[in-house]
Amino acid sequence: MNRDTPTTPDTGECRVPGEIPVPILINWLTAAAIPLLVFFAWRSGLQGDWITSPLLLTVAVLLAFNSVLYWTLENITLLRRGFLILITVLFTYLAVQGPENGAAILWLFAYPPIVFYIHDARTGVIACAGGFIGLVLLFSPVGDALFAPAHDPSFRLLMLAALGFEMFTCFVLDQSRRRARQELISLASKFEYAAKHDTLTGLANRREAVAQLEQEFARYRRNARTFAILLMDIDLFKSVNDTHGHHIGDQVIVLVAQTLRDQCRKIDTMARWGGEEYLVVLPETETGEALQMAERIRKQIATSSVDVDGQPVAATISVGVASIHPSESIDGLLQRADEALYKAKSLGRNRVCAHEAEAPA
Ligand SMILES: Nc1nc2c(ncn2[C@@H]2O[C@H](COP(=O)(O)OP(=O)(O)OP(=O)(O)O)[C@@H](O)[C@H]2O)c(=O)[nH]1
């Protein structure tokens, strides 16, 4: 997963842009539930139901507390679990105790979509299956003996069928939503990879190299951590193409890219800067160290080759090295590396040259 993909704070779970984040949904639901709970608590009070009324008020207070806790701790797992427990307790009470002449049981239809959205599919299935089994028991002779729910047999049958159907539908839709979301995330990361990498070599492309260079430059401005760049070019590459064909030229380009991968460190950025030009950004590196790395790369490439009908086709590179200096811009640094590369070419190719900035006046 790419580093820009939004994630929820404590689970690291990926979120698709446009999707309502779970904490926001829970807070909206809480905000909508509290006035409803207060209203029905007031109604129950008027009807002289002194169990339902305080219970609904308590749930309202606990829901509000759950959200406040989230704003304080930013712990989404706690928020999810707290919300699930509270609505499970509430809906169980509404089903078992049957306030509003038993009609409150209809609130059970709100349970499946909420649970599937705010939790993973496994929790959704367990919670819904548990709820459904509980309802079957409530409507069984055991439930009649213990709670005497005020519903006739046809209502019970219809309620079970409709709720079971809703749970199944929510499960199917949730699976489809999760699959679509995974597809979208993987598609986004493929696009992002394609936008940042060169197709032939798999190295960073020029745009990404500039982005990394800017990042390194910003770090240098903040912490004065010096960095260096290597600008390299395959020597007499036109003749490789002319002699062996374009596809062998491509193989040489890939060979150089592979050598860069083998020789550079993990923190370095290796990029295809142009046709047969490469740029390597070396964080926290002085000119001397950069020169050594460039020399190692040059030697390695000089001893490698690609095989053309059993015949080795070798290539060499010229490298310009420059490290950042105070009050210099990125363009200035690139310019000096380019001048060093030009010098390496004019001194006969297959060599490394460094450019030192002139001392500030
Ligand atoms: N095979 C292949 N060739 C490419 C690609 N991109 C650029 N080139 C070729 O690279 C060659 C670059 O040649 P020049 O810029 O003249 O330089 P050179 O022959 O390498 O000579 P020097 O740089 O002076 O050593 C051109 O012939 C381009 O067509 C590519 O992706 N694949």
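## Report on a predicted model: helices, ligand shell and strands

Leu160 is partly exposed, as 15 other C-beta atoms lie within 10 Å; a residue is buried if 20 or more other C-beta atoms lie within 10 Å of its own, exposed if 12 or fewer, and partly exposed in between, with C-beta atoms placed from the backbone. This is a predicted model, in which local features need pLDDT of at least 70 and side-chain atom pairs count only at pLDDT 80 or more, while totals for chains, interfaces and linings use all residues. Residues are numbered from 1 along each chain as its sequence is written.

Leu160 belongs to helix H7 (residues 153-196). Helices (H or I, at least four residues) and strands (E, at least two) are DSSP runs, numbered from the N terminus. Apart from neighbours within four places in sequence, Leu160 is in contact with Leu135, Val136 and Phe139; two residues are in contact if their C-beta atoms, placed from the backbone, lie within 7 Å. From Phe39, by contrast, Leu160 is separated by 121 residues in sequence and by 28 Å in space, C-alpha to C-alpha.

Helix H7 comprises 44 residues and reaches 64 Å from its first C-alpha to its last, close to the 64 Å expected at 1.5 Å a residue. The expected span of a helix is 1.5 Å times one less than its number of residues. Buried positions in H7 are Met159, Leu163, Met167, Cys170 and Asp174, and the buried residues of H7 pack against helix H4 (111-118) and helix H5 (121-138).

Helix H2 (residues 52-73) has 22 residues and should therefore span 32 Å at 1.5 Å a residue, which agrees with the 31 Å between its end C-alpha atoms. Among the buried residues of H2 are Leu55, Leu56, Ala60, Leu63 and Tyr70. Helix H1 (22-46) and helix H3 (76-97) are the elements against which the buried residues of H2 pack. After H2 comes Glu74, with a positive phi near 55 degrees.

An unreviewed UniProt entry places the feature "transmembrane region" at residues 25-44, 50-71, 78-96, 102-118, 125-143 and 155-173; UniProt positions are given in the numbering used here, feature names are shortened, and annotations may be inferred rather than shown by experiment. Over residues 102-118 the model is 47% helix and 0% strand, with the end C-alpha atoms 28 Å apart. For residues 125-143 the values are 89% helix and 0% strand, and the end C-alpha atoms lie 23 Å apart.

The ligand is surrounded by 15 residues, the closest being Asp235, Phe237, Lys238, Gly249 and Gly275; a residue is near a molecule or strand if its C-beta atom, placed from the backbone, lies within 6 Å of it. Strand S1 (228-234), helix H9 (237-244) and helix H10 (246-263) each supply at least two residues of this shell, and H10 gives the most, with four residues.

Strand pairing is summarised below; two strands pair if DSSP finds at least two bridges between them.

| Strands | Sense | Bridges | Residues opposite each other |
|---|---|---|---|
| S1 and S3 | antiparallel | six | Ile229 and Val281 |
| S2 and S3 | antiparallel | four | Thr269 and Val281 |

Strand S3 is mostly covered, since five of its six residues are buried. A hairpin of four residues joins S2 to S3. Gly274 is located in the loop between strand S2 (269-272) and strand S3 (277-282) and is exposed, with 10 other C-beta atoms within 10 Å. Although 41 residues separate Gly274 from Asp233 in sequence, the two are 9.1 Å apart in space, C-alpha to C-alpha.

Most residues other than glycine have a negative phi, and most peptide bonds are trans. Glu100 is not a glycine, yet has a positive phi of about 55 degrees. Glu100 lies in the loop between H3 and H4 and counts as partly exposed, with 16 C-beta neighbours inside 10 Å. Asp309, in the hairpin of S4 and S5 with two residues between the strands, takes a positive phi near 50 degrees. Asp309 is exposed, having 7 other C-beta atoms within 10 Å.
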